[in-house]
Amino acid sequence: MAKIIEGLYYSESHEYVRVEGEFGYVGITDYAQSQLGNVVYVDMPEEEDEVTAGEEFGAVESVKAASDLFSPVSGEVVEVNSALEDEPELINQDAFANWIMKVRMSDPSELENLLDAAAYAKICE
Amino acid sequence: MNNVYYGKLIFELSKPGRRGYSLPKNEFDGYSLEQLPVARRENKTLLPEVDELTVARHYTNMSNNNFGVDTGFYPLGSCTMKYNPKVNEELAALQGFNIHPSTPDCAAQGALKLYDEVQRTLAEISGLSRFTLNPYAGAHGELTGLMVIGTYHRQRGDVNRTKIIVPDSAHGTNPASAAVAGFQIVQVKSTAQGTVDVEDLKPLLGPDIAGMMMTNPNTLGLFETQIPEIARLVHECGGLMYYDGANLNPMLGVCRPGDMGFDVMHINLHKTFSTPHGGGGPGSGPVGVRAGLEHCLPNPQVVYNEEKGRYEQHFDEESLGSVSGFLGNFGVIIRAYAYLLTLGRENVPMAGRLSVLNANYIKERLRSHYKLPIDVVCKHEFVFDGLREEYGGDHHDAEHVTTLDVAKRLLDYGYHAPTIYFPLLFHEALMIEPTETESKDTLDAFIDVMIRIAEEAKSDPKMVKSAPHNTPIRRLDDVKAVKEPKFTFKAL
């Protein structure tokens with residue numbers, strides 16, 4: 001079974017946010033990586049880009065398919081995980097450790113619209 | 001398999017000094033190359049040095065490893081790989097059709113008449129008013145059709161319609177063509193039954209919607225039963241309905257996109273009308289429109305001048321412009337004409353009906369071994385969601401046998417793999433379209449092999465997961481191929 005971590009916020013489109021203060025670390029879930037198969041490319045935003053909750057911010061390409069990424073929160077991208085440029089397979093190794101972008105959240109109340117670990121586990125069944 | 005000649009590149013067979021020719025004695029030894037004025041090669045050509053027999057064997061072995069409808073069953077979903085009757089080729093080779101594209105209309109009356117008859121036949125089959133046969137391929141037809149939609153709105157002065165609605169089950173070419181035509185894409189969701197969710201569609205409709213693209217039956221092989229309501233809603237908001245003709249085959253002679261409320265559509269002659277498909281084509285993507293949109297079609301159009309009693313190429317000033325030089329892939333149009341005349345009005349509907357019967361026959365016989373996510377009567381194709389759990393398909397198990405493994409194992413048994421991992425609605429999609437041109441014997445043999453693979457997946461999953469075992473090239477490393485691509489011989 002796919003790993004789901006307590007204390008993170010999840011979207012129905014299989015992204016997660018780990019909140020640290022005003023920042024949110026956004027990535028795709030372990031379930032998402034297991035369904036995608038071997039990830040070969042991650043299309044990431046650039047630093048200082050604005051992202052909007054529910055809107056596309058990049059894409060993950062695997063040998064099976066290319067899937068758009070939807071941001072669970074709004075805000076400014078302050079950092080992207082550049083290690084994924086050369087080693088996109090890190091997402092397969094540990095999707096929760098290898099976040100895709102770090103966002104300075106402009107509206108933390110948006111987190112209330114996301115799922116907790118238990119609710120997310122239900123949609124992965 | 002003679003791998004000496006097949007498994008290598010022609011460059012690897014090269015030996016210094018080997019030749020496939022002999023030149024007469026050189027009479028110009030006394031001249032220096034320095035006397036050549038310009039354009040003198042500075043480096044060696046690096047062409048392979050091989051004898052004639054090696055060249056013949058190398059390429060003959062390569063061609064023997066080609067796979068096509070003429071060599072075996074090709075159940076590729078959403079691609080309609082039907083047999084291309086040889087009589088099509090005979091007619092296309094007739095001397096009279098071997099004419100230059102710039103031949104004046106007065107000397108090309110036969111060719112223009114054929115173009116017009118194909119155009120009119122497609123219009124009759126589709127329930128639309130007029131077709132252009134000029135687009136060179138299916139995606140080119142989509143682009144042309146979307147340009148028709150854009151032209152229609154612009155000519156009415158309605159310039160704010162910038163969005164095209166596309167279902168989440170659509171062929172990837174739909175959003176791609178819409179983007180190339182300058183539209184923004186809005187996605188509409190499918191219901192759990194696999195058809196367009198009308199409730200999800202309603203809030204998307206408004207004065208910025210140029211149109212909606214649909215495939216019917218859709219990519220799951222399901223007939224969109226809500227189509228009259230969808231067409232009504234889209235028309236009510238001022239948009240046009242676009243029909244992706246990739247799945248026209250089961251509809252042939254049974255029902256017509258024009259009657260369902262579609263305004264613009266394309267047809268793939270290389271799918272539905274038995275012209276060659278794959279391997280670079282050439283394809284052909286005719287575009288049809290309902291009455292009132294004819295003037296938007298691309299130039300030139302072929303029209304019959306009643307007064308003069310002859311066919312002419314017509315250039316309409318209100319047209320969207322030209323999308324091709326001359327009149328499209330004319331050789332392909334001849335083949336489609338041959339197919340239409342061979343079947344005739346009586347038999348065209350049989351093609352559609354038999355394609356539906358064949359697909360349902362395979363589906364029903366394999367559902368005990370493969371997961372059927374949507375259990376209804378399908379049209380010309382259907383989608384499994386991988387192997388059933390009792391045959392090693394349990395996706396909770398990290399080592400489960402995947403759709404990719406099944407597809408690779410099919411190669412060992414001499415079949416072309418079906419479409420896999422499309423549509424994206426299921427994780428282990430395996431999409432089969434047999435077409436009407438296959439006999440029950442062929443279908444039974446394929447079904448037996450699919451069942452055998454399911455049993456192998458249960459008894460010896462490792463073997464299936466490492467397939468193919470009998471092909472000249474074994475399982476490829478997809479990840480490495482994407483991450484470290486090598487595009488030239490020198491890179492090897």
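This is a predicted model: local features need pLDDT of at least 70, side-chain atom pairs count only at pLDDT 80 or more; totals for chains, interfaces and linings use all residues.
**Ground rules.** I number residues from 1 along each chain as its sequence is written, and letter chains from A and number ligands from 1 in the order in which they are written.

Entry 1: I took helices (H or I, at least four residues) and strands (E, at least two) as DSSP runs, numbered from the N terminus. I found an open sheet of six strands in chain A, ordered β1-β2-β3-β9-β8-β5, with antiparallel pairing; strands pair if DSSP finds at least two bridges between them. β1 (9-10) and β5 (50-51) of chain A are the edge strands, each with a single partner, so one side of each has no neighbour in the sheet. I then looked at β2 (residues 15-20) and β3 (residues 23-28) of chain A, which run antiparallel and are joined by six bridges. A:R18 sits opposite A:Y25 in β3(A).

**Entry 2: strand β5 of chain B.** I counted a residue as buried if 20 or more other C-beta atoms, placed from the backbone, lie within 10 Å of its own. Five of the five residues of β5(B) (residues 240-244) are buried, so the rest of the structure largely encloses this strand. B:L240, B:Y242 and B:D244 point one way, and B:M241 and B:Y243 the other. Strand β4(B) (residues 209-214) runs parallel to β5(B), with four bridges between them, and B:M212 stands opposite B:M241.

**Entry 3: B:N216.** I located B:N216 in the loop between β4 and α8 (227-236) of chain B. B:N216 is buried, with 24 other C-beta atoms within 10 Å. Leaving out residues up to four places away in sequence, B:N216 touches B:F223, B:E224, B:I227, B:Y243, B:N247 and B:M260; contact means C-beta atoms, placed from the backbone, within 7 Å.

**Entry 4: two helices of chain B.** I checked α4(B) (residues 109-126) against α11(B) (residues 330-366): they pack at about 50°, axes 10 Å apart. Axes are lines fitted to C-alpha atoms, for helices over the stretch in contact, and angles run from 0 to 180 degrees between N-to-C directions. That makes α4(B) oblique to α11(B) (under 35 degrees is roughly parallel, over 145 roughly antiparallel, 65 to 115 roughly perpendicular, and the rest oblique). Residues that meet include B:L114 and B:V118 in α4(B) and B:I333 and B:L340 in α11(B).

Note on methods:
Two residues are in contact if their C-beta atoms, placed from the backbone, lie within 7 Å. A residue is buried if 20 or more other C-beta atoms lie within 10 Å of its own, exposed if 12 or fewer, and partly exposed in between; C-beta atoms are placed from the backbone.
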